[in-house]
Amino acid sequence: MKLYEQLAETIRTQIEDGIMLEGEKIPSVRRTSQQYQLSISTVIRAYLLLESRGLIESRPQSGYFVRMRQAPDGAGLSALAPQGAPHAVEPAAGPDMAPAALVLSNMRSINSADRIPLGSPYPDPSLFPSARISQLAHGFYKRRDRQELMGSLPPGNAELIRQVARRHLETGLAVNAAEIVITEGATEAIHLCLQAISRPGDGIAVEAPTYYALLHAIERIGMRAVPVATDPQNGIDLPSLNAVIESGQVAGAIVMPNFQNPMGFEMPEERKRALVDLMASHDLPLIENDVYGELHYAEQRPRPLKAFDRSGLVLYCSSFSKSLTPEHRIGWTLPGRYRQAVERLKFLNTVTMPSHPQRAIAEYLQNEGYDFHLRRLRKTLSQQERIMRSAVLRFFPPGTQCSEPNGGYLLWVTLPPGVQGMDLHVRAQAAGISVAPGNMFSTAESFGNCIRLNYSFAWNREIEQAVRLLGEITHELAAHAANLANAGNAANADLARPAAKAAAAAPGAAQAPASGLTKAS
């Protein structure tokens with residue numbers, strides 16, 4: 001098929017699956033051109049073809065709208081092709097308590113009213129319309145019927161599924177609504193996907209560093225996290241990942257390609273495509289955590305790995321907790337060929353989910369200005385990123401390095417040589433400031449000289465003073481590290497002098513080659 005015919009077929013499928021209903025407006029010609037990276041003339045030809053087939057209609061000065069009559073609610077939500085039963089999951093062995101205890105301590109500290117939560121993984125709740133969504137949910141509760149009191153069985157509320165599918169369509173990812181499973185946040189989605197793709201004892205490749213909740217999820221199910229070198233600008237290193245795969249260490253991988261937690265990078269599109277192709281060449285599943293995808297600062301939303309998936313091996317996970325409401329914990333997954341396994345596991349884990357929060361979010365997505373909210377949220381986070389990054393580079397000692405995120409709300413800071421994030425964490429806690437030390441984000445100790453800061457909270461005098469104090473503490477730690485290094489060098493020099501004299505007095509010392517001597521830098 002020609003390009004315009006392919007686009008027309010994609011939109012026709014979305015209409016027939018019930019993602020776009022009768023009378024609803026479809027994306028504009030210009031927006032569709034940007035989303036699918038097609039020329040405007042190609043999009044116009046596709047729309048004219050759909051109009052000639054009676055699927056859409058043009059309304060003067062308003063755009064194009066769906067014309068066909070849709071099937072009853074729930075159409076398109078039937079199960080996908082059958083697949084093998086999921087592996088049995090056994091309880092995980094005892095967790096490694098050292099990192100878990102550190103994370104728990106940090107999480108408790110951010111909930112303290114007198115603590116400045118720069119180490120929090122959560123965005124500032126004041127940025128979200130949670131009160132409005134709660135109001136909508138309460139309204140649905142008052143008008144409840146018997147079925148809604150019982151909750152929603154998997155895969156979830158049909159209208160919310162339709163809105164999620166439509167949202168993906170508007171951001172350039174055409175999905176089958178029948179693939180979507182609603183979950184209790186992205187954390188549950190990731191747990192379900194991990195259980196669906198592997199069994200206890202299997203290895204899962206992860207970025208190094210990565211978000212500690214992913215490490216805990218892997219460990220809790222009894223699997224092993226296998227860290228893979230990750231570039232702070234471009235994401236997971238593909239040759240290193242390939243080597244781990246070929247060694248037989250892993251049964252799959254989990255990554256965050258868009259505004260990764262903690263480093264904040266956005267994986268380049270070509271590397272995303274190459275990563276999906278690499279996993280497909282080994283027929284291995286790839287879990288994608290895209291909870292920050294909507295928090296982009298650029299005009300266009302970055303494409304997820306799922307956009308390059310042609311074999312159903314990408315299990316996409318996301319939620320509304322970082323973009324709309326952190327209170328209701330509504331997420332979803334697009335698990336590809338593992339769809340039936342994930343739905344079965346969801347039923348075994350929770351049976352049902354409350355229906356009113358799902359209906360409230362669906363209503364907000366459809367009628368309450370979600371895009372307007374996102375534009376305002378992105379502008380706020382982008383401004384606060386610039387302020388926080390400038391303040392860190394101003395107040396911290398020379399040698400400090402900061403990430404340059406193009407989305408999200410997390411800043412990754414590499415401290416000067418000799419300064420440990422745990423030392424800064426302990427001193428900061430005593431001063432009433434929470435920071436997230438780098439040790440929390442890896443099974444190794446490779447990132448002990450790093451911290452992660454949250455810049456979603458409104459910049460004010462209190463936060464500025466906190467960042468300034470963190471800088472003063474880091475100056476003190478850097479000076480202490482430099483003094484220890486100088487003392488060590490002096491001690492080594494004292495030890496080296498007698499040995500040098502003895503060597504010079506030894507027979508044949510004059511004939512010793514110059515290349516055998518090393519000078520201390």
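## Basis

This is a predicted model, in which local features need pLDDT of at least 70, side-chain atom pairs count only at pLDDT 80 or more, and totals for chains, interfaces and linings use all residues. Residues are numbered from 1 along each chain as its sequence is written, and side-chain values use heavy atoms, leaving out hydrogens and water.

A salt bridge puts a side-chain nitrogen of Lys or Arg within 4 Å of a carboxyl oxygen of Asp or Glu. The count comes to 22 salt bridges.

Glu294 meets Arg301 in one of them, at 3.7 Å from N to O. Glu294 also bridges to Arg378, with the closest N and O atoms 3.2 Å apart. Glu294 lies in the loop between β8 (286-289) and β9 (314-319) and Arg378 in helix α14 (residues 370-395), so the pair ties together parts 84 residues apart in sequence. Helices (H or I, at least four residues) and strands (E, at least two) are DSSP runs, numbered from the N terminus. Arg378 is buried too. A salt-bridge network links Arg167, Asp290, Glu294, Arg301, Asp371 and Arg378.

## A pair in helix α1

Glu9 bridges to Arg12, with the closest N and O atoms 2.4 Å apart. The two are three residues apart in helix α1 (residues 3-16), about one helical turn. Glu9 is partly exposed, at 27% relative accessible area.

Definitions and conventions
Buried means under 20% relative accessible area, exposed over 50%, partly exposed in between (1.4 Å probe, protein chains only).
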